[in-house]
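Thanks for asking me to look this one over. Here are my notes, as numbered points you can follow with the model open beside you.

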Amino acid sequence: MGNFLAGKVIAVTGAGRGIGRAVALACAAEGAKVVVNDYGVSIEGGEPTSEIAASVVKEIEAADGEAVAVADDVSTMEGGQRIIDTALTRYGRIDGVVCVAGILRERMLFNMSEEEWDPVIATHLKGTFTVFRAASAVMRKQGSGTLIGFTSGNHQGSVAQANYSSAKGGIISLVRSAALGLNKYGVTANCVAPVARTRMSANVPMELKEIGEPEDVAALVVYLLSERAREEKITGQVYTVAGPKIAVWAQPRELRSAYADGAWTPEKIADFLPGTVGTDPMPMLAQLEAMAAAAAAKERPNA
Ligand SMILES: NC(=O)c1ccc[n+]([C@@H]2O[C@H](COP(=O)([O-])OP(=O)(O)OC[C@H]3O[C@@H](n4cnc5c(N)ncnc54)[C@H](O)[C@@H]3O)[C@@H](O)[C@H]2O)c1
């Protein structure tokens, strides 16, 4: 056992499988007491079972760690509150929360139903809010704590997962808001964008060039939860971890600006904007266009 998180109490949502499970096991192995939350659902969010969370608690206990299971749905306020209340009643404090729980309902935007949109936003975005909300109220009084949200490279946009991409973009803004609002209380907030082999990544239609294991992601999360990261005042950041690679994402900022001489009119903007303010090319759109061009070239008969 390591001692990176000795004495800390950490709650992990979606901790029954994949990345969340690896995070929960790593936190326990580094000395933390762990609240293992998982609703135990299918990849689309159906057929809940409490066995999934309970089995990870058994794994932690078998390795001489301490853990407690909460099989609630994070998309409810009661679920988020119960995770934090369980930490407090069982272990007396909450030092870190890691919101990993997620589902997928893939569909092109023009075909997407409300039943495909709402639960994805509810699980990812609201499910991060419910836990951050309950945890931050305690951490504010403690004067310390760490919040970790899970986003995806997909926050840049997605062809057939507008629901998931929107939720993941929202989580980044939620994390930055938490970093700003809780800074004076000694609470940090960061986001992780993983790429790791799980049942969820097995569902991605395109080949992932850079991918690793859930344990790679867990190592980064343990670091972000530790005093080592808190001493460096790491907050408001988004990190990708994909096997051997860790990358930091840029903060959003204005790229170029222009000022009107007098009031703007559509005519003035039409003359001015393309050549001055211009655009910022979308890397993912360029990638899509390159893929389409390569596919078209393959289809063309040899000259
Ligand atoms: N695997 C990747 O490469 C990858 C890439 C980008 C982002 N992510 C994100 O990382 C996180 C973990 O993904 P994973 O690949 O380990 O997925 P996974 O499907 O293996 O695990 C997700 C877990 O969340 C649980 N869950 C779902 N809805 C819940 C709810 N309402 N309340 C509580 N628990 C719930 C599920 O039961 C499941 O055990 C997700 O947020 C995902 O969007 C993963």
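Into which domains is the protein divided?

1. Domains. This is a predicted model, and the protein is divided into domain 1, residues 9–248, and domain 2, residues 254–303. Between the C-alpha centres of domain 1 and domain 2 there are 35 Å.

2. The largest nonpolar core. This core has 36 residues, and Val 34, Val 36 and Val 98 are those with the most contacts inside it. Strands E1 (9–13), E2 (33–37), E5 (145–150) and E7 (238–242) each give two or more residues to the core, and so do helices H1 (18–29), H2 (51–62) and H6 (214–225). Apart from it lies another core, of 31 residues, with Val 9, Val 70, Ala 134 and Cys 191 among them.

3. Val 34. Not counting residues up to four places away in sequence, Val 34 touches Ile 10, Val 12, Ala 24, Cys 27, Ala 28, Ile 60, Glu 66, Ala 67, Val 68 and Tyr 91.

4. Thr 86. This threonine lies in helix H3, residues 77–91. Is Thr 86 buried or exposed? Its relative accessibility is 14%, so Thr 86 counts as buried, given that the cut-off for buried is under 20%. Leaving aside neighbours within four places in sequence, Thr 86 is in contact with Val 68, Val 70 and Tyr 91.

5. Two residues with positive phi. Glu 47 is not a glycine, yet it has a positive phi of about 50°. You will find Glu 47 in the loop between E2 and H2, and it counts as exposed because its relative accessibility is 68%. Asp 64 is not a glycine either, and has a positive phi of about 65°. The loop between H2 and strand E3 (66–70) holds Asp 64, which counts as exposed at 69% relative accessibility. For both calls, the cut-off for exposed is over 50%.

6. The second largest pocket. What is the volume of the second largest pocket? It comes to about 330 Å³. The lining takes in Gln 156, together with Ala 250, Gln 251, Pro 252, Arg 253, Leu 255, Asp 280, Pro 281, Met 282, Pro 283 and Met 284. Sorted by class, the lining of this pocket has seven nonpolar residues, two polar and two charged.

How values were computed. Residues numbered from 1 in each chain as written. Predicted model: local features only at pLDDT ≥ 70, side-chain atom pairs only at ≥ 80, totals over all residues. Heavy atoms only, no water. Core = buried A, V, L, I, M, F, W, Y, C linked by side-chain atoms within 4.5 Å. Buried < 20%, exposed > 50% of the residue type's maximum accessible area, 1.4 Å probe, protein only. Helix = DSSP H or I, 4+ residues; strand = E, 2+ residues; numbered from the N terminus. Contact = heavy atoms within 4.5 Å. 1 Å grid on protein atoms, 1.4 Å probe; cavity = no way out; pocket = protein on both sides within 12 Å on 5 of 7 lines; lining within 4 Å. Points joined across faces, edges and corners; volume = space filled by probe spheres on them. Nonpolar A, V, L, I, M, F, W, Y, C, P; charged D, E, K, R; others polar. Domains from an automatic or database assignment.
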